[in-house]
Amino acid sequence: MAAAATPARKRAAPDGTFPAAAGGDSKKRPRYIFGSIYDYEKLGVLGKGTYGVVVRARHRRTGEAVAVKWVRATRGADEGALRAAYLEAACLAACRGAPSVLQIRDVVTDGATGDLFLVTELVEGATLRDRIHDAGGPFPEPLARDYMRQLLRGAAAVHATGTLHRDLKPENVLVGPGGALKICDFGMATPARPPYPGDPCAVGTLWYLSPEQLKGSRWYGTAVDVWALGCVMFELLAGVPMFVDIENEDDLLMEVLHLGHEIDADGVAAFKGLPDDLSQAAGELLCGLLCVDKDKRLTAEEALKHRWFTEGPEDA
């Protein structure tokens with residue numbers, strides 16, 4: 001993080017920098033002393049995160065290419081976005097050094113507008129969703145194993161900090177050079193302990209919500225992320241999302257409970273669309289990740305000790 005903050009005064013934005021938002025209120029200032037966004041040069045838009053636009057930028061002094069999530073603080077309807085961005089920054093900071101997790105570099109502001117910017121490492125490449133789409137079908141089992149090993153290592157490291165991601169899905173996984181995965185977009189993450197406020201179904205993405213969230217429980221934990229990774233594992237092995245045709249929480253809960261009964265009766269045969277030559281070990285792990293009973297569901301650490309990984313080649 002930069003050593004000193006830029007004075008809170010109006011200044012012209014140099015070419016290529018982040019322009020000041022119209023209607024900025026100079027009374028809205030960050031509670032802490034952060035660095036200045038004027039230390040970075042904007043290079044282009046990368047996409048949109050949960051609470052803000054993500055752009056490619058360059059640090060003017062070091063030349064390092066970075067990704068910057070820009071969260072505006074000027075629209076009254078989006079005041080919650082700024083609070084969420086501070087929480088996201090705290091969760092990312094707690095996960096510094098974690099494998100397969102996007103690394104935060106800095107948190108900076110625009111002193112004139114109060115806008116907040118989360119600066120992270122830049123991962124050039126696609127998302128896991130893009131890779132699944134491009135594959136047009138199931139991933140080879142060795143590649144699926146490599147990806148799941150990385151994702152479970154990342155989730156285990158996140159959980160070790162007391163953090164829940166709460167929105168794990170292929171769109172929130174970046175694929176870098178050599179197939180290195182990075183879990184990103186911690187906009188739904190929380191370091192808090194349950195019970196959680198509000199509607200559990202309002203957090204996360206429908207197809208990856210755990211049974212306990214669908215039932216309305218506010219007393220869930222890290223098992224919700226493990227369930228989501230089980231959905232991702234199925235998608236890697238089958239080439240399609242597990243619950244693609246379901247559009248609401250009630251229907252999904254019925255489907256999930258039915259799946260649970262079928263797993264209890266038939267094991268991995270309960271899953272439709274998996275390759276015929278899928279290994280028994282892969283099926284065992286999938287059932288462990290997608291156990292409807294959260295107390296019996298594998299943790300990320302336990303999953304990494306499963307024989308699908310320990311008896312397979314070490315690729316990561």
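How many nonpolar, polar and charged residues does the lining of the largest pocket have? The lining has 12 nonpolar, six polar and 10 charged residues. This is a predicted model, in which local features need pLDDT of at least 70 and side-chain atom pairs count only at pLDDT 80 or more, while totals for chains, interfaces and linings use all residues. Residues are numbered from 1 along each chain as its sequence is written, and side-chain values use heavy atoms, with hydrogens and water left out.

**Largest pocket**
- About 570 Å³ of space lies in this pocket, and of its 28 lining residues the closest to the centre are Leu46, Val54, Leu102, Leu174 and Cys184.
- A pocket is, on a 1 Å grid over the protein atoms alone, an open set of points where a 1.4 Å probe fits, with protein on both sides within 12 Å along at least five of seven lines, and lining residues have an atom within 4 Å of a point.

**Helix 2**
- Leu128, Arg129 and Ile132 of helix 2 (residues 128–135) are buried, meaning under 20% relative accessible area with a 1.4 Å probe and protein chains only.
- Seen down the helix axis, these buried residues fall within an arc of 105°, so they line one face of helix 2.
- His133 and Asp134, on the other side of helix 2, are exposed, that is, over 50% relative accessible area.

**Aromatic pair**
- The ring centres of Phe234 and Phe271 lie 6.1 Å apart with their planes at 40°, so the pair is tilted; rings pair if their centres lie within 6.5 Å, and planes under 30 degrees apart count as stacked, over 60 as edge-to-face and the rest as tilted.
- Phe234 counts as buried at 3% relative accessibility, and Phe271 counts as buried at 6%.

Technical notes
Grid points are joined across faces, edges and corners, and a volume is the space filled by probe spheres set on the points. Ala, Val, Leu, Ile, Met, Phe, Trp, Tyr, Cys and Pro count as nonpolar, Asp, Glu, Lys and Arg as charged, and the others, Gly among them, as polar. Helices (H or I, at least four residues) and strands (E, at least two) are DSSP runs, numbered from the N terminus. The arc is that of the directions from the helix axis to the C-beta atoms. Rings of Phe, Tyr and Trp (its six-membered ring) pair if their centres lie within 6.5 Å; planes under 30 degrees apart count as stacked, over 60 as edge-to-face and the rest as tilted.
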